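Student: Could you take me through a structure, feature by feature, and say for each one how it should be read?

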Amino acid sequence: MGTSPTSSSAPPATPLAPPPPPPPATPTAPAPRRSQTRAGLGTFARVLLANRLSFAGFVVVVAMGTIALLVWVDPSLLLRFSPTQITPDIGQPPSWTHPFGTDESGRDIFSNVLRALPLDLGLGIGIAGLSLIIGGGLGLVAGFWDRPGTVLGVVSVAVLRLTDIFLSFPSLILALAITASLGRGVPQIVLAIVATWWPYYVRLVRGEVLSVKHQQYVTAARAAGVTEVRILARHVLRNILDPLVVYFTLDIGTVLVTFSTIAFIATPLPYPGPQPEWGSMIQFYQDWLAQYPWTVLFPGLAVFVLVLAFSLLGDGLRDVLDPRSRRVFVRDGTEPEPPMSAGPLSPPPVDARGSLR
Amino acid sequence: MVEPVLQVSGLSVDYVVGKGAFHALRNVSFDIAPGRVVGFVGETGCGKSTLAHAIPRLLPEPPARVLSGKIVFQGTDLRELPRWKLPAVRGTGIGMVFQEPLNSLNPAYRVFDQVAEAVRIRRYRERYPAAGAHPAGGPFDYSKPPTPDTAEVLSRPVTIGGAAGEALQRRPPVSSELRAEVLEALRLVRINDPETILRLYPHELSGGMRQRIMIAMALSEKPALLIADEPTSALDVTIQAQVLTLMKELIDEVRASILFISHDLGVVAETADEVGVMYAGEVVEFGPVAEIFHSPRHPYTRALLRAAPARYKDDGDLDTIAGSVPNLSKLPRGCAFHPRCPYAAPDCRVDPSPILVPVGAAEKGAGSHASACRYAEALP
C-alpha cells in the first residue's frame, strides 16, 4: 500500500540528473504523498510541447482558426483584393503583391484561398460536429439501453439496422448521389455528408458505451443510487469522451477532404464568386494547371495543411486526455519540469504513447 | 419482535445461457434484523455474489433471471418496485461495497468528486424525501453522534426569510459543507491525510486505499443496510488484514445492518452475528455464529469447517471435501450435496432436501438455528 504509483510511472531519468532519492517509507501513511495531475492549461501546453509534431498541429490549427475568424469578421483586415476583383496582373506567379499568384483573368489567388478558409474550416467542424451529435446521441442510446424487450431496446436495434443500411453504401458515392439529386449549394453538400457520416459515430459511440457500461464502477454508481440518465451522462459519457474527442479531431480533416472532393467532382460551388471554396477552386482551375500551376497548388496545399494539422492535433490530444499518459509528462508539481528538449536525441517518452488503448 | 430490515424469502435466480440455465440461487430465505451483521460463507460459485447483487436488483437481466421470491426491504418488496424507482432505494437504503476495488471507482474523476456524489445523493434525499425513497436513518448512526457545539451554531449564517430565503435554502449544499462531509467520510475509514487523497485520481491509489474509499462512499450515504460483497478478496493478504480490521471497527462504530459475504470462515466468524452457509445456490444452514461454528447441523458446514486450515499448526494434510461442486445447470437429484456427503442415506439421493428446518434449541422455539439437512438431528 505504501508504494505510490508516481514512482512506477516516472519518466526515464535524464542521464545528467541523478534519480531523486526514494521517498522515506511511511508505513502508517499509505497515501501517495503529493501528486499534481491538474488537467489545466499548463498541463495541456506542456504535454503538447513535449511532442513537437502535435504542437505544430496545435499551432497551425490555432493560427488557421484565428485567421479564419479575422477573415470572417472583416476580410479587408488581411486581404488587399476582393475575391472577384480583376487586377491587371494576369497569370502572375507568386510575388509580394500576390503571394499565391494570380489566375488567367488577374484574380488574386491568395484572397480567394483565404476567403475560403472560414467556410472550409467551419464546414469541417460543423459537419463533423453535426454527425457527432446525431450519431453520438443515437449511439449512446443504442449502447446503453439495449435490453431486449423494452421500448428503448427496440429503438436501439432499429438504430443499429439503419446504421448498417447506411454503412453498406460507399459513403463518398452515396454523398455524391445525394448532392447530385439535391443540386448545388453548401446546405446540400452538408446534408449529403452528414447523411453518410453519422453512422460511423453510432458505431464508435455504441462500442465505447458497451465496453464502459459493464465496468464495475458503473455498477457501483448504480448501487450508490445514481439514476440511469445520470450514470449515462456522468459516468459513461465522461469515460468515452476522450476517444471521442480524439476521433472527432481527426475526423474534421477527413470531412474537409470529403467536402472538397464532392465540390471538386460533382457539384462545385459557384466560382469565381463572392464566397470561394477550395474544392471548387481546384475544379475551376484544373484546365489551367499546366500554365498557372499555382492556381491549383495553393488551394490544394491549404486543404493539405489543415487536414495534417488536425491529424497531428488529434494525436496530441490523445496524450493530454489520457490521465495515465499525462502522468508521465507532468511530474510532481513541486519540482521543475524535466527538460523535455534535453537534446536532439531525447525522444518523447514512447511508452506513454504506446500504452494507449 | 423487531421488524427485520431485510426479509428475503424463496429467492431463486437463474442465469440463462443459450438454452441452458444455471440455477445460481435456489429458494434462498433469510432475515436481517436491525443492527445485526449477517455473514454468508460458501465456496466460489455457490451464489454468494449473485445474492449480494440480487438484493438491490443489480443483476444484469439478461443473462440473470429472477424466477421467484420476495425481497422485502423496510416493508417494500423490491421485486414489485418499478425499475425507475430503484435508484431511490439504492445508496441510502441499501449500500454496497464490491469485491474489486480496482474497478469500482470511476477512473475519470478525482476521489473528491466520487465521494461527493454519494454525499450529494444522501443530502438531496434528506432534503426532499420522495415517496418510496429511503432517506438516511434506520439503525445507522455513528456511536459518537456529532454534537453541535455552541460556537458552530453561532457561526452559522443568518437565514433570510421569505420566498428568497426559501429559494436560497433549496439550492444544493455549498461546496465547503460538502467538502467537510467528504473529508469526514474519508476520516471515518482511517485515511490519514484526506486533503491529499481528495485530489487524486483512482489510478494513483493502491487497492487498499481504493477499497477504503469505496467503503467511505457507501457509508457516507448512511444506508439502512450495507452489503459487503467479499470486500477483501481482491486485495493482497496484508492489505486484507488492514481493511478487515477497519471493517470490524466500522461495524462496531456504525451499527448498521450488514450483509457480509466472504469465502473466509475466519472473517465471518469474527464479524457476523448470524451466519448463512451456502452450497450450490442454496442456504444449507443458517444460525447464530456460535452455533454454526460449534455445533454445525449440516454435513456441508461440518466438512467446510474441517477443511479450514488451522493457522500456526502443522497437522499434516488438510482435510478436503471429496468430489467437486455440482454443475449448477445439472444439479443432482435429491439433495445437492448428497454425492459428496459422507452421511448420505438412500432417500437423500431421491428426495429434495428440506428447506431450512429449525434444529437444536430452535426446535423448541429458542434461537434461529436452521439446517437444510433431513438428518440434521441425527448427525453423529
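This is a predicted model: local features need pLDDT of at least 70, side-chain atom pairs count only at pLDDT 80 or more; totals for chains, interfaces and linings use all residues.

Student: How many helices and strands does chain A have?

Tutor: Helices are DSSP runs of H or I with at least four residues, and strands are runs of E with at least two, both numbered from the N terminus. On that basis chain A has 13 helices and 0 strands. Of its 357 residues, 40% count as buried, a residue being buried if 20 or more other C-beta atoms, placed from the backbone, lie within 10 Å of its own, exposed if 12 or fewer do, and partly exposed in between.

Student: How is the packing of two helices described, and at what angle do H3(A) and H4(A) pack?

Tutor: Two packed helices are described by the angle between their axes and the distance between the axes. Helix H3 (residues 52-73) and helix H4 (residues 109-144) of chain A pack at an angle of about 110 degrees, with their axes 8 Å apart; axes are lines fitted to C-alpha atoms, for helices over the stretch in contact, and angles run from 0 to 180 degrees between N-to-C directions. H3(A) and H4(A) are therefore roughly perpendicular to each other, a label for angles of 65 to 115 degrees, whereas those under 35 count as roughly parallel, those over 145 as roughly antiparallel and the rest as oblique. Among the residues making the contact are A:Met64 and A:Trp72 of H3(A), with A:Leu114 and A:Pro118 of H4(A), where contact means C-beta atoms, placed from the backbone, within 7 Å. By class, this contact has 9 nonpolar, 1 polar and 1 charged residues, with Ala, Val, Leu, Ile, Met, Phe, Trp, Tyr, Cys and Pro counted as nonpolar, Asp, Glu, Lys and Arg as charged, and the others, Gly among them, as polar.

Student: Which helix of chain A gives the most to the side that touches chain B?

Tutor: In total, 26 residues of chain A are in contact with 34 residues of chain B. H8(A) gives the most to that side of chain A, with 6 residues. By class, the side has 12 nonpolar, 11 polar and 3 charged residues.

Student: What should I look for in the strands of chain B?

Tutor: Strands of a sheet pair through backbone hydrogen bonds, either parallel or antiparallel. Two strands count as paired here if DSSP finds at least two bridges between them. Strand S1 (residues 6-17) of chain B pairs with strand S4 (residues 64-73) in the antiparallel sense over 8 bridges, and 9 bridges join S1(B) to the antiparallel strand S2 (residues 20-32). S1(B) and S2(B) form a hairpin with 2 residues between them, and B:Gly18 in the turn has a positive phi of about 60 degrees.

Student: What is the strand order of the open sheet in chain B?

Tutor: The order of its 8 strands is S6-S7-S8-S3-S9-S10-S12-S11, with mixed pairing. S6(B) and S11(B) are the edge strands, each pairing on one side only. Within the sheet, S7(B) and S8(B) pair in the parallel sense over 5 bridges, and B:Ala228 stands opposite B:Phe260 in S8(B).

Methods: Residues are numbered from 1 along each chain as its sequence is written. Chains are lettered from A and ligands numbered from 1 in the order in which they are written. Two residues are in contact if their C-beta atoms, placed from the backbone, lie within 7 Å.
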